Amino acid sequence: MLIVIIPVLFLMLVSAVKRIPVIGGNLVVAFAGSGILAMLLGGVYQPAVWGSAWLKGLDQVAYIVFIVIFGSVFSALQVKSGAMDTVLNTLRAIFGHTPQGLVLAILIAMYLGGSLVGTVAAVGAVIGLLVVPALDDMGLDPDLICAIIVTGGSLGAIMPPISNAVNVACSIIDIPTDQVLQISYVTVAIAIVLVSTFVCKVYIGKKYQMPQHLIPKEGPFTILKREWPRLIPLLILILLVALNSIPAIKFDVTGSLLKAIPAGDANLYTKISAIPVLGKITNNIVLSLIVAIIVAFLCTKELRTDSGTLIKNSLYNIRASVIIQIFAGFFLGAFRAGGQMEAIAAWASGLSALALKFGGSIALLLGGMLMGAQSTTQTTLLPILGPAWTAIGVSDIHAAVASAHLAAAGQGLPPADLNTFVIAGLVSSLLHKKVNPMRSMLLTVPYCMVLAGLGLIFLFI
């Protein structure tokens with residue numbers, strides 16, 4: 001097991017211990033170094049094999065990279081077009097006549113934003129600017145405002161139909177997303193209902209008064225009648241992804257269109273999908289995002305003027321995430337080429353199933369807490385936990401469900417949650433008030449417990 005322990009130990013130490021000189025906290029170095037160690041310890045020295053392993057690993061995570069790239073662009077366009085304002089104002093008009101209703105509207109907006117953006121810090125920066133002043137005007141404590149944003153963004157990251165957390169889990173385990181998404185429709189719906197009810201009833205209750213200027217002056221239908229064209233790209237995106245992930249329908253619109261276009265002796269879909277890495281652009285969610293971006297430009301005149309800078313900035317903001325995923329691909333490929341996956345499976349078969357399930361769950365929760373991103377956590381730990389869990393009888397599908405839920409749950413877990421520190425800084429800078437990150441983390445515990453509990457169930461059924 002040394003061929004596994006040494007690379008994993010290097011990965012964990014470099015990624016988590018920022019005090020290590022020069023390389024501490026550098027995820028690129030962590031993934032690259034761990035991959036190199038895996039190859040060397042596995043007796044793989046040929047440069048050609050290293051390159052082949054990297055290509056195979058990158059091909060495995062490529063559609064996640066595409067989702068991050070196109071998702072970031074689409075999200076930025078929706079903010080500029082005013083679509084996110086329309087969503088928030090419509091939700092406020094439906095629910096926002098009471099303090100509980102306003103918080104529920106904001107949570108729903110955060111869930112939607114988290115689903116589109118995929119990371120808590122990003123959705124906090126995008127939507128936080130819209131919701132923090134309103135929550136402050138209502139009299140909410142800054143610590144609670146921070147907790148609401150972290151809770152909404154974290155749950156949004158796993159919310160179908162886009163569900164970044166599920167996509168990451170399935171890409172690492174190397175299984176289709178459809179069955180895992182179908183399960184997640186149920187589990188995430190349960191989590192959203194429980195968490196939203198708890199936050200609104202327990203944290204808000206009747207403790208606050210609704211300022212008159214926050215009570216919507218227009219009804220939801222009035223807002224939608226005037227502003228519905230802004231929502232066309234978003235609705236098309238949701239429709240295209242949902243059609244392919246709802247069990248009763250299961251229709252890949254974008255894939256079918258490409259398959260209808262002839263290309264040589266096959267069709268365009270088949271030709272593109274056969275290309276390593278680039279072929280993963282045929283993923284249903286990726287193609288749906290591309291279609292939604294095109295529709296956004298066609299429907300919204302404002303986006304056709306000076307959007308180059310907007311797109312450039314959105315791509316610049318996710319450059320670190322993309323680079324990390326590229327080197328994570330090397331790490332994944334190296335673990336397969338170096339024989340680490342087989343070693344893990346053999347090791348796990350001799351362990352107590354109970355210890356392995358609980359130990360792996362705790363590792364994912366702690367990873368989500370320390371790294372602040374379920375995607376990085378899963379990319380780091382699931383290559384080890386996946387084969388270990390399947391070796392003791394957990395199905396691939398259930399392993400992916402569990403991993404996605406546990407890693408997302410860790411994104412708000414005390415006592416050292418990275419996301420809370422980031423959002424606390426954002427809230428503090430917007431309100432010019434002090435935020436206690438530790439108290440805010442304690443307020444996110446209920447969401448963590450619900451999502452972690454739902455994930456853990458799938459390791460035992």
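**Exercise 1.** In which loop is the place of serine 163? Determine also whether serine 163 is buried or exposed, and list its contacts.

*Solution.* The model is a predicted one.
Step 1: serine 163 sits in the loop between H7 and H8.
Step 2: its relative accessibility is 0%. Buried means under 20% relative accessible area, so serine 163 counts as buried.
Step 3: a polar atom of the serine 163 side chain lies 2.8 Å from the backbone oxygen of isoleucine 158.
Step 4: leaving out residues up to four places away in sequence, serine 163 touches Ser115, Ala157, Ile158 and Leu181.

**Exercise 2.** Locate methionine 159, classify it as buried or exposed, and state which residues it is in contact with.

*Solution.* 
Step 1: methionine 159 belongs to the loop that runs between helix H7 (142-156) and helix H8 (164-173).
Step 2: the relative accessible area of methionine 159 is 16%. With the limit for buried at under 20%, methionine 159 is therefore buried.
Step 3: beyond its neighbours within four places in sequence, methionine 159 is in contact with Tyr111, Leu112, Ser115, Val188 and Ile192. Ser115 is also touched by serine 163.
Step 4: for a distance across the model, take glycine 51, which is 108 residues from methionine 159 along the chain. The C-alpha atoms of these two residues are separated by 35 Å.

**Exercise 3.** Describe how helix H3 (residues 47-81) and helix H15 (residues 308-317) cross, and which residues meet.

*Solution.* 
Step 1: the two axes come within 9 Å and cross at roughly 135°.
Step 2: angles over 145 degrees count as roughly antiparallel and 65 to 115 as roughly perpendicular; H3 and H15 are therefore oblique to each other.
Step 3: the crossing of H3 past H15 is right-handed.
Step 4: from H3, Ile69, Ser72, Val73, Ala76, Leu77 and Lys80 meet Leu310, Ile311, Ser314 and Leu315 of H15. The residues of this contact divide into seven nonpolar, two polar and one charged.

Key:
Residues are numbered from 1 along each chain as its sequence is written. This is a predicted model: local features need pLDDT of at least 70, side-chain atom pairs count only at pLDDT 80 or more; totals for chains, interfaces and linings use all residues. Side-chain values use heavy atoms; hydrogens and water are left out. Axes are lines fitted to C-alpha atoms, for helices over the stretch in contact, and angles run from 0 to 180 degrees between N-to-C directions. Helices (H or I, at least four residues) and strands (E, at least two) are DSSP runs, numbered from the N terminus. Angles under 35 degrees count as roughly parallel, over 145 as roughly antiparallel, 65 to 115 as roughly perpendicular and the rest as oblique. A crossing is left-handed if the near helix is turned anticlockwise from the far one by less than a right angle, and right-handed if clockwise. Contact means heavy atoms within 4.5 Å. Ala, Val, Leu, Ile, Met, Phe, Trp, Tyr, Cys and Pro count as nonpolar, Asp, Glu, Lys and Arg as charged, and the others, Gly among them, as polar. Buried means under 20% relative accessible area, exposed over 50%, partly exposed in between (1.4 Å probe, protein chains only). A polar contact is a pair of N or O atoms within 3.5 Å; within protein, one must be able to donate a hydrogen and the other to accept it, and residues adjacent in sequence count only if both atoms are side-chain atoms.
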